[in-house]
Amino acid sequence: MKTLKKDIVEKIKSQFLEHRKYSLAKDEYTATDHDNFFALSLVIRDMMIERWIKTQQTYYKSNKKRAYYLSLEFLMGRTLGNSLINLDIFEECEEAMKELGLDLSIIREEEKDAGLGNGGLGRLAACFLDSMATLKLPCNGYGIRYDYGIFNQSITNGYQVEEPDNWLKLGNPWEIERPEFEMRIRFYGWVKEFQDPFGVTRYRWEDTEDVFAIPYDIPIPGYGNDTVNTLRLWTAKATNQFNLHEFNMGNYIEAVEEKNKWENISKVLYPNDLTVMGKVLRLQQQYFFVSASLQDIIRRFLKYNDEFKKFPDKVAIQLNDTHPAIAVPELMRLLVDEHRLGWDEAWDITIKTFAYTNHTLLPEALEKWPVGMMEQLLPRIMQIIYKINYDFLTHVSMQFPGDVDRLRRVSIIDESGERYVRMAFLAMIGSHSTNGVAELHSELLKSKVLKDFYEIFPQRFNNKTNGITQRRWLLKSNPKLSELITDKIGNKWITDLYELKNLEKLVEDKAFVKEWQKIKKENKEILADIIKKETGIEVDTNSIFDVQVKRLHEYKRQLLNAIHIVAMYIDLKSNPDPNFVPRTFIFGAKAAPGYYIAKLIIKLINSIAAIVNHDPAIQNKIKVVFLPNYRVSLAEKIFPASDLSEQISTAGKEASGTGNMKFALNGALTVGTLDGANIEIAEEVGDDNIFIFGLKVEEVEKLRAEGYNPYDYYQNNPLLKKVVDLISCGFFSPENPALFQPLVDILIKNDTYMHMADFQSYLECQKRISEEYRDQEKWTKKAIFNVANMGKFSTDRTISEYAKDIWRVKPLEINMKDTKK
């Protein structure tokens, strides 16, 4: 343990008491735990502000190129603990609170998760921000300050119930409002054509309905340096706040109707888009944050630059998936309409500025918007898209003469039925780089999903395998294991994850292995207490903690996991085995509110748990747990306690996955298909230290081409038939025997994701896992090998590649020594 800096301890104590008294008007008698959290957070924010200001001064004075990360999601989780770690004052803060009679762990639990994301996409963005600052890169993030983040999930009678996540109810101590940088965003209206004084045809967007975008800044500190970057989040504010005339007439609802209409834009993360109004709101959200961000970037550029031809030399913009793709025509609008550039010059700047990350192999997830909706909501943007598409198709027709079908396939406008704007196509055409997020994903983009575009722009395609930040997902989440690792190999791994390779030489050190096992057991006991508190279920910490936590989607195959549990249950009931290796199956997942099948899978898992957990015949050898409201702060407790990581998506469907990396970094062994980043994890850790099963991508495609019939597997596999029949007959839903029939129909009639084809391989792999778990020393050595070979999967490596290969952005040293006190 490091020597405490007493001056830091005293500073934290004095500033904490000042903030509690003067910022919150509270004392030791009236302050709540949340007041203490708020006061301490203000102290830590104050400690960042001087560095924050110095960072921005350095960026402006150097006038070096900056990168901007545009993402509709930032799943930040809690900030206090992460900030204490990156500022390297965790122990000092703990001691300061102790000397004041307070418990830092209790204070930290008061912080609400900033759930401004839905899953891996948003969490990746948050990890990226951490790495950008740690690597001293001049980079900012841009997103939306949702009033309500990803919904809070409760489980009632086995069903998911969504509740609003009012994370801002008690305020957010980390943010600073910047109303002086508000931006005006336009919607609706019409477009007027006119001639400028030089005879050039120009366009003016008139009679628009406008909304203000108000920025809120959150500091992002790097680890072990003085860099503090910025995450700027926009909130919507009506231009006309209140109609006094309507109010005085007694029309109280109408008086605030306009205000509510526009401020809904930043109200909720991912409003349900099953309705037309929901679709309109989503499109408004995307354009709102993109337009505000681009206007802000241009404002910043023009402070020290006066020629737009330098724009790509000073600005790089990364589009995180298709949500910000509308930035391409919006930047064109700003350059051509507002700053009077010629079309060709503006298009050259646009392509050189933007880069696009694709995060999906699912065609339905490649976002598209109805043309009619866009023409009404964003008429000038739609005009620009038509022009971009015309120029692009002209280029393609010259590159591939006579290939009319190709023109249809690559057109931004899908005209196969109702006309749609294909946003992924727009992003690729308007960017100089398109990257996938795992080697397999990138290859499948080139050979399958985006093959036409790869043939047109082969030089634009590249791979950037995702990663995670070890500062949050090991140093913060697993402090005891981190301390053991640091004690043995030093602390360089905190900023260079490849240093973990040095753990390999310790696998034969029996004392080290024993201490590793002790820490794993302690982490399992912590999670067992959470499970008991949250669900009332008592679990055996000597059992295998078999964990699948991720967004609920059919391709991620939580259903395959569930039918395996039923198979294990049937087998144990039929053949009681005194040497059976106990298993605790732990799930955590949120299903999109409108995703019926996903929500039914949650109900099935809970219904299986209700039967299995209370069957005395199996003597508690199997337990099934569904932890409600899966979120970042809960994940930080789950990963360190896990023995087995379920990464079982259908091969060819998962772009990358990052949960697989978090599990492995914390010493869980992976059971998975050769999909996404599982392939690269297997390459790094070795085949002996991972459990691979199931069809490969080419085998999936071959089976589908030959006419995959899941009913054949049902008929020919007696155990699988028993499993499906048990679900079908209502054993797990006696109150409604037909409840799970839609899932049964998927399995035996419409098994898109090949649960049935992979079942036997999965079953045999799971039996091997149980056998290997019996030898705890051997299992622990495998776990150590996993941790030792996670070096590749740090976002520090990922972001370094983005900065070098795509953005051309270099680190800038922030020197606090010449800062005036």
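Colleague: Which helices each supply at least two residues of the lining of the second largest pocket?
Modeller: This is a predicted model, in which local features need pLDDT of at least 70 and side-chain atom pairs count only at pLDDT 80 or more, while totals for chains, interfaces and linings use all residues. Residues are numbered from 1 along each chain as its sequence is written, and side-chain values use heavy atoms, without hydrogens and water. On a 1 Å grid over the protein atoms alone, a pocket is an open set of points with protein on both sides within 12 Å along at least five of seven lines, a cavity is a set where a 1.4 Å probe fits but cannot get out, and lining residues have an atom within 4 Å of a point. With helices (H or I, at least four residues) and strands (E, at least two) taken as DSSP runs numbered from the N terminus, the suppliers are helix 3, helix 4 (90-99), helix 5 (104-108), helix 19 (470-476), helix 20 (479-489), helix 21 (510-535) and helix 24 (632-641).

Colleague: Which helix gives the most to the lining of the second largest pocket?
Modeller: The volume of this pocket is about 1300 Å³, a volume being the space filled by probe spheres set on grid points joined across faces, edges and corners. Its lining counts 39 residues, with Phe90, Glu91, Leu475, Pro479 and Lys480 closest to the centre. The top contribution, six residues, comes from helix 20.

Colleague: How many residues of the lining of the largest cavity are charged?
Modeller: The largest cavity has a volume of about 350 Å³. Its lining holds 32 residues, and nearest the centre lie Met76, Gly77, Arg78, Thr79 and Glu111. Asp, Glu, Lys and Arg count as charged, Ala, Val, Leu, Ile, Met, Phe, Trp, Tyr, Cys and Pro as nonpolar, and the others, Gly among them, as polar. On that basis 15 are nonpolar, 10 polar, and the charged ones number seven.

Colleague: Which element gives the largest share of the lining of the second largest cavity?
Modeller: About 110 Å³ of space lies in this cavity. Asn63, Arg66, Arg300, Phe301 and Asn305 are the closest to its centre among 13 lining residues. Two or more residues each come from helix 2, strand 1 (66-70) and helix 9 (276-304). The largest share, four residues, belongs to helix 9.

Colleague: Which are the edge strands, each pairing on one side only?
Modeller: The open sheet has three strands in the order 15-17-16, with antiparallel pairing, where two strands pair if DSSP finds at least two bridges between them. Pairing on one side only marks the edge strands, strand 15 (368-370) and strand 16 (413-414).
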